[in-house]
Amino acid sequence: MGKWKECTIGDIGTVVGGATPSTKKIENYENGTIAWITPKDLSNFSGRYISHGERNITETGLKSCSSQLMPKNSVLFTSRAPIGYVAIAENEVCTNQGFKSVVPNENTDFLFLYYLLKYNKDNIENMGSGTTFKEVSGRTMREIVVKVPETIEEQHKIAEILGTIDDKIEVNEKINKNLEQQAFAIFNDMFADSIYGERTVGDIVTPNRGKCLLSKDAIPGNIPVVAGGLEPATYHNQSNTVAPVLTISASGANAGYVNLWNVPVWSSDSSFIDSAMTKDVYFWYAMLKSRQSEIFDAQTGSAQPHIYPKHIAGLPMGIISPNEIHQYTVLVSTLFEKIGANKKENIGLASIRDALLPKLMSGEIDVSEIDI
C-alpha cells in the first residue's frame, strides 16, 4: 500500500485570496481581458474547469486591488457566501474576495487537489467563523490538516479514477448543450414573432410552487432536490413532481434560473411546470429559457431576490394556438428524451463518483498497484 502523509493545505500549495476593483471606475472593467471569477459565477456552474466569469477586468483593475493573477490549473475554492464551491482554472484567472484558492506546488497533482478540496469541504466549512455569515480566512485555509499520498504518481492515479467518471459526465453535458441548441433553433424559427403580446403565460398554463421544506423524516437517497439548482440528492416520503419538470429557482443568488429536469425531482420553494399540468413542458422550457433576462428582471426583494409563480404567469406572450405548441413538442421530443437519458446516466455516474471519493481520498482503496 502506498504511504500517506499528514500535512496542511499550505504545505501542498499556495493559498491565494482575491479582491474587487472599484466598480465606480469604468477603466477597471471596460474592454477587460483578464478573467475575473466570483462565487456567483460558480453558483450555476456544473463542470470542473472554468475559463471566465460574467465579467472581465482590465490590467488597470488588477493593479488597483490585491487580487492576484493565478496560473492555469489553480484550484478555486469559495470561502464565503457560500463556502465550498470548487473549480479548476482553465487558464489564467483572478477572483474576488470570496475565494481562498490554492495554487498547487510541484509535488501536488492539480486534479487530485481539486478532489481533495471537495472531499474536505465540510471540514473546511466547519472551520469558518463570522456572525453575519461564515467565512474561511487565508490563515485558516492554510492550516487545514489533510492527508495525501506521499508520491505525486499515486495522487495522479486517484485523480485519474475520479476524473474518468467526470470526463464522461462532461461529455454528456456537451452533447446535451448541442441538443438544446437544436431545440432552441427550432423554437426560434417557429415562434420568433409570437412570444410577446397581450396574452400571458398564465392564460395557458399555471405555474405552481414547490413546498419550502422537506419532511423531517426525509432520508438521504437519489431524488434531486431543486432549490435554485441541484442540491444534495435526497429521498423523501412526500409526493414529488413527475418528469419532465421545468423549474424556476425561487430565491438567493440563483433566483430566476430556468432548468429542465427529465427525472422526478422535489421542487423546494421553486416555481415549476410539470407533465402533470401540460403535455408541452418542452415548449414552456424553450419559451422561458429564451426569456431568462426578463425573468431575472421580474425578481422582487433587495436583501434576497425572489421569483414567484405569479411572476412567471404574468409574462406576456402572443397568440399561439395549442396545435402549434404541440407541434413543437412533437418535433423536439426525441432531442429532449436523449437529453433526459444523458442526465439520468450522469446522475448514476455522479453517485458512483461520490461513493468512491471518500474511499479514495482516505486511502481506504489502495491504488498503489493499479496501472493507469
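Hi everyone. Let me start with a term: two strands count as paired if DSSP finds at least two bridges between them. Keep that in mind as we look at this structure, which is a predicted model.

First, the overall picture. The protein chain has 11 helices and 20 strands. Of its 372 residues, 48% are buried. If we take contacts between residues at least 6 apart in sequence, 74% of them join residues at least 24 apart. The accessible surface comes to about 18,400 Å², and carbon and sulfur atoms account for 50% of that.

Now to the pairing I mentioned. Four strands make an open sheet, in the order β12-β19-β16-β17, with antiparallel pairing.

Strand β16, residues 245-248, and strand β19, residues 271-274, pair over four bridges in the antiparallel sense. You can find Ile248 opposite Ser271 of β19.

What lies across β16, β17 and β19? That is helix α8, residues 281-289, which runs at about 155 degrees to β17.

Finally, please find helix α7, spanning residues 152-191. With 40 residues, α7 reaches 55 Å from its first C-alpha to its last, close to the 58 Å expected at 1.5 Å a residue. Where is the kink in α7 centred? Go to Gly163: the kink there is about 30 degrees.

Note on methods: Residues are numbered from 1 along each chain as its sequence is written. This is a predicted model: local features need pLDDT of at least 70, side-chain atom pairs count only at pLDDT 80 or more; totals for chains, interfaces and linings use all residues. Side-chain values use heavy atoms; hydrogens and water are left out. Helices (H or I, at least four residues) and strands (E, at least two) are DSSP runs, numbered from the N terminus. The expected span of a helix is 1.5 Å times one less than its number of residues. The bend at a residue is the angle between axes fitted to the seven residues ending there and the seven starting there. Contact means heavy atoms within 4.5 Å. Axes are lines fitted to C-alpha atoms, for helices over the stretch in contact, and angles run from 0 to 180 degrees between N-to-C directions. Buried means under 20% relative accessible area, exposed over 50%, partly exposed in between (1.4 Å probe, protein chains only). Accessible areas come from the Shrake-Rupley method with a 1.4 Å probe; for residues, only the protein chains shown count as cover.
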